Structure formats: structure tokens, C-alpha cells
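Please view the sequence and the structure first.

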Amino acid sequence: MKSKENIRDFGKYVSLNVMGMIGLSCYILADTFFVSKGLGTDGLAALNLAIPIYSFIHGSGLMIGMGGGTRYSICKSRNDDKEANRTFTTAVYLAAGFALLFMLLGLFATGTILRLFGAQGRVYEMSNTYLQVILLFAPAFLMNNVLLCFTRNDGAPQRAMAAMIGGSLSNVVLDWVFIFPCGMGIFGAVFATGLAPIISMMILSPHILKKRNGFHFARCLPQPGRVGKILSSGLPSLVTEASSGIVMIVFNSIIMGLEGNVGVAAYGVIANLSLVIIAVYTGIAQGIQPLISRSYGAGRREEMLVFLRYALAVMAVFSVVIYACVFLWASPIAAVFNSENNARLQEIAREGLRLYFTACPFAGFNVIIAVYFTSGANPLPAHIISLLRGFVVIIPMAFLLSSAAGLAGVWCTFPVTEALVAVMGVLFFIRAKKRPASMAGA
């Protein structure tokens with residue numbers, strides 16, 4: 001009976017979160033499609049130069065939301081409602097602090113950032129517009145992520161999924177309206193993206209305003225210990241998202257030297273498709289997070305392993321299907337974003353898609369195992385995995401392989417890195433499994 005209940009809970013949480021995360025990832029994919037149609041290769045290159053900063057905003061929101069949601073779920077499973085509410089309040093304070101930082105960057109530092117990225121001329125002008133607006137919408141992105149994670153951990157994954165998909169669908173519709181009928185160009189694309197989290201929060205609001213939620217504001221100031229636990233539990237989520245931004249910055253720089261703006265535009269196709277595919281794995285990981293945290297809080301260690309096995313099985317099936325689709329339809333996928341029918345862009349993107357996405361099963365394993373560790377209050381292995389795949393291995397590997405094999409080396413950097421880190425993840429899991437339950441983190 002318990003096994004059937006676990007399968008039912010797993011199916012509900014994971015399916016809803018995968019659909020929601022795919023919807024959420026369409027924020028930028030919709031921009032990519034409509035910008036490629038409306039503004040051509042220069043617009044695509046401009047978008048690709050600005051997107052890494054969005055990864056930091058989204059990653060910061062996930063760090064606070066996932067970290068706070070994990071702590072909230074553990075507290076609730078132990079019937080500690082006061083600490084659960086203090087955790088939510090602290091998460092809101094943290095979101096406000098990060099939002100202020102990003103807004104200041106949007107007001108005073110976008111030009112400097114883009115010059116460091118190598119943007120010039122028309123590409124610089126469009127990138128600057130996109131980056132300024134996305135940073136000024138940071139409060140909406142951050143608060144939306146916090147509310148989504150707490151709503152999911154509060155036993156309402158359907159509401160969270162509806163909010164994510166509703167926000168994303170509005171982004172797709174508004175992208176088309178602002179870019180084509182309204183002729184608003186790159187500003188229209190980013191304005192539509194900025195409105196999406198606001199619409200998402202409107203969909204979440206009945207759960208909160210009608211007091212169906214179990215989390216409430218508490219009279220408390222942020223305490224270092226509570227802040228540390230939230231950030232520690234959520235750090236792998238930030239690193240996972242931020243690493244996408246870091247990798248894009250490094251790859252853009254290398255590819256700019258090898259192929260110029262056309263190469264950067266081709267990489268934009270690959271990078272944006274990667275956001276959607278990683279979103280599938282993130283959806284699986286976020287789906288099991290409340291279940292594993294609940295099992296951990298109740299002392300049911302074997303149940304944690306059951307949910308992990310389910311997640312890895314689903315990930316493996318997804319990986320096979322995703323790579324088969326990318327391999328077979330690499331040319332049509334590239335053509336969707338190649339409105340100018342640039343032959344060189346088409347060739348680069350086709351080769352890149354087939355090499356880059358051999359990373360699928362390894363990346364999926366790394367995302368899921370990192371969340372498994374943090375959900376059970378054992379964040380150190382997750383931190384190491386996230387830092388290895390996000391910075392320590394992939395950046396030197398990019399320079400090494402690109403110097404050895406040119407553009408093909410750039411595309412192989414991602415799968416080689418993820419495969420090496422996956423080996424470390426397996427070793428961490430074997431070691432953690434041997435530890436007595438009493439030695440697990442608190």
C-alpha cells in the first residue's frame with residue numbers, strides 16, 4: 001500500500017513540475033524564436049550575450065526558493081510551524097536583498113558588463129536594452145521563484161504548475177504581440193519576459209490570499225544561522241543556473257574568436273534549447289525535493305532512496321528520447337531559429353546540437369543527485385558536484401578542448417565535463433549510503 005502511495009505522489013509531483021519547468025524555460029526560448037524572426041542574426045547574438053545575466057537572476061531565486069522550501073518542508077514534517085514561518089519570512093527578506101542588488105546593476109552597470117562580453121555596434125545597443133529591462137524586473141523573478149517553491153512544498157504542486165505554465169504562455173503571446181503588431185523590437189521581447197513572473201504570481205495569489213497556505217509572515221529578523229541554512233540548501237540550485245550563464249559567457253568569448261557573430265548566434269540556438277532540456281531534469285529534481293525532505297524529516301531513509309530510484313529511471317528514459325530527437329532533427333531545429341537562411345549558421349548549429357547533447361544522461365544525473373543530497377540536509381556533496389560542473393571543470397575544459405579541436409572541442413566540453421562529474425556523484429552517493437542515518441545533516 002505504501003509503495004502505491006509513493007508511486008502516486010512521485011507521479012503527481014514530478015509530472016507537474018516537469019511540465020511547469022518546461023513552461024518556465026520557455027520564457028527565453030520564446031524570446032529566441034521571435035527575436036530570430038523579427039531581428040535576425042544580430043538580434044539573436046544580442047539576446048545570447050544578455051541571457052547569462054538572466055541565469056544569475058533565476059538561479060538566485062531558485063537558491064532562495066529551493067533552500068527555503070527544503071527547510072520549510074523539513075520543519076513542517078516535524079510539526080515545527082513557528083520555525084517554518086520564520087523560514088518563509090527570511091526567504092522573502094533574502095529575495096528583497098538580491099533584488100535590490102540586481103536593480104542597481106541594471107541602473108548603473110549594464111554597459112560595462114556588455115563591453116566585457118565583447119558586444120559592439122547594433123548588437124551592443126540591443127543587448128543593453130534587454131539587459132537593463134531584465135535586471136529591473138529582478139524583484140518579480142525572485143519573488144515568483146520563492147512563492148513557487150513554497151507553494152509546491154505546501155502540498156499544492158498543481159497550483160505551482162499552473163502558475164509556471166500560465167506565466168510562460170503569457171510570455172509567448174506577449175512576445176508575438178510586442179515584437180510584430182506593436183513593432184517594439186528587442187524591448188518588446190524583454191518586456192513580455194518581465195511581465196511573465198507577475199502573471200505567474202497572480203495565478204498563485206488565491207492560494208495565499210484565501211489563506212489556503214501553511215506559510216505566513218512571522219515577526220522576526222533574519223538570523224545568520226537561518227540564512228545560512230537556506231542558502232546552503234539552495235546553493236546547488238544557484239550554481240546549476242549560474243553555471244549556464246558562466247558557460248555561455250566563456251563559450252561566447254571562445255566562439256566569437258573562432259566564428260564571430262554567426263557562431264555566437266548558432267550557439268544561441270544550442271544554449272536556449274539546453275535551457276529547456278535542463279529544465280526537464282530540474283523539474284524531476286524539484287518534484288522529488290518535497291518528497292525526500294518529508295521522508296528525511298520523518299526519519300524514513302529507505303523511502304528517500306525509493307524516490308531517487310524513480311527519478312533516475314524517469315531521467316534515463318527522457319535522456320534517450322531527447323537525444324534521439326535532437327540527433328534525428330538537428331537540421332530542422334536549427335532552421336527554426338535561422339530566419340535569414342544563413343548556411344554557415346545552419347552548419348554550425350547542426351553539428352553543435354549533435355555533439356553538445358550527448359551530455360544528456362550525465363547532466364540529468366548530476367542535477368538530480370545534487371537535489372537529493374540537499375533535500376536530505378546533506379548539502380556538502382551537492383555543493384562540490386555543482387561547483388565542479390559549473391566552474392572548476394568546465395571552464396578549463398572549454399579552453400583545453402577548443403584549442404585542441406576548435407569548434408568541435410567547444411561542443412564536446414559540456415558532455416565531457418558532465419560525465420567526469422557524474423563519476424564523482426556516484427562516489428559521493430556510495431559513500432553517503434554507507435553512513436549511519438544518525439550522521440546525516442540536521
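**Overall fold**

The model is predicted. The chain has 14 helices and zero strands, and from the N terminus on its elements read α-α-α-α-α-α-α-α-α-α-α-α-α-α. Along the principal axes, the C-alpha trace spans about 60 × 45 × 35 Å. The radius of gyration is 21 Å, which agrees with the value near 22 Å that a compact globule of 442 residues would have. Of the 442 residues, 60% count as buried. Among contacts with a separation of 6 or more, 83% are between residues 24 or more positions apart.

Two packed helices are described by the angle between their axes and the distance between the axes. The table gives these values for the two pairs.

| Pair | Angle | Axis distance |
|---|---|---|
| H12 (residues 360–375) and H14 (residues 394–434) | about 35 degrees | 8 Å |
| H8 (residues 224–297) and H14 | roughly 105 degrees | within 15 Å |

The crossing of H12 and H14 is left-handed. On the H12 side, the contact is made by Phe 362, Ala 363, Phe 365, Asn 366, Ile 369, Tyr 372 and Phe 373. The H14 residues they meet include Phe 414, Pro 415, Glu 418, Gly 425, Phe 428 and Phe 429. By type, the residues of this contact divide into 15 nonpolar, two polar and one charged.

For H8 and H14, the axes cross at roughly 105 degrees. Angles of 65 to 115 degrees count as roughly perpendicular, and H8 and H14 are therefore roughly perpendicular to each other. H8 contributes residues including Ile 246, Val 250, Phe 251, Ile 254, Leu 258, Glu 259, Tyr 267 and Ile 278. From H14 come, among them, Ile 394, Phe 399, Ser 402, Gly 406, Trp 411, Thr 413 and Phe 414. The residues of the contact of H8 with H14 divide into 18 nonpolar, three polar and one charged.

Phe 414 of H14 takes part in the contact with H12 and also in the contact with H8.

**Ser 232**

Ser 232 lies in helix H8. Is Ser 232 buried or partly exposed? Its relative accessibility is 24%, so Ser 232 counts as partly exposed; the cut-off for buried is under 20%. Not counting residues up to four places away in sequence, Ser 232 touches Pro 379 and His 383.

Methods: Residues are numbered from 1 along each chain as its sequence is written. This is a predicted model: local features need pLDDT of at least 70, side-chain atom pairs count only at pLDDT 80 or more; totals for chains, interfaces and linings use all residues. Side-chain values use heavy atoms; hydrogens and water are left out. Axes are lines fitted to C-alpha atoms, for helices over the stretch in contact, and angles run from 0 to 180 degrees between N-to-C directions. Helices (H or I, at least four residues) and strands (E, at least two) are DSSP runs, numbered from the N terminus. A crossing is left-handed if the near helix is turned anticlockwise from the far one by less than a right angle, and right-handed if clockwise. Contact means heavy atoms within 4.5 Å. Ala, Val, Leu, Ile, Met, Phe, Trp, Tyr, Cys and Pro count as nonpolar, Asp, Glu, Lys and Arg as charged, and the others, Gly among them, as polar. Angles under 35 degrees count as roughly parallel, over 145 as roughly antiparallel, 65 to 115 as roughly perpendicular and the rest as oblique. The radius of gyration is taken over C-alpha atoms; the globule rule is 2.2 Å times the number of residues to the power 0.38. Buried means under 20% relative accessible area, exposed over 50%, partly exposed in between (1.4 Å probe, protein chains only).
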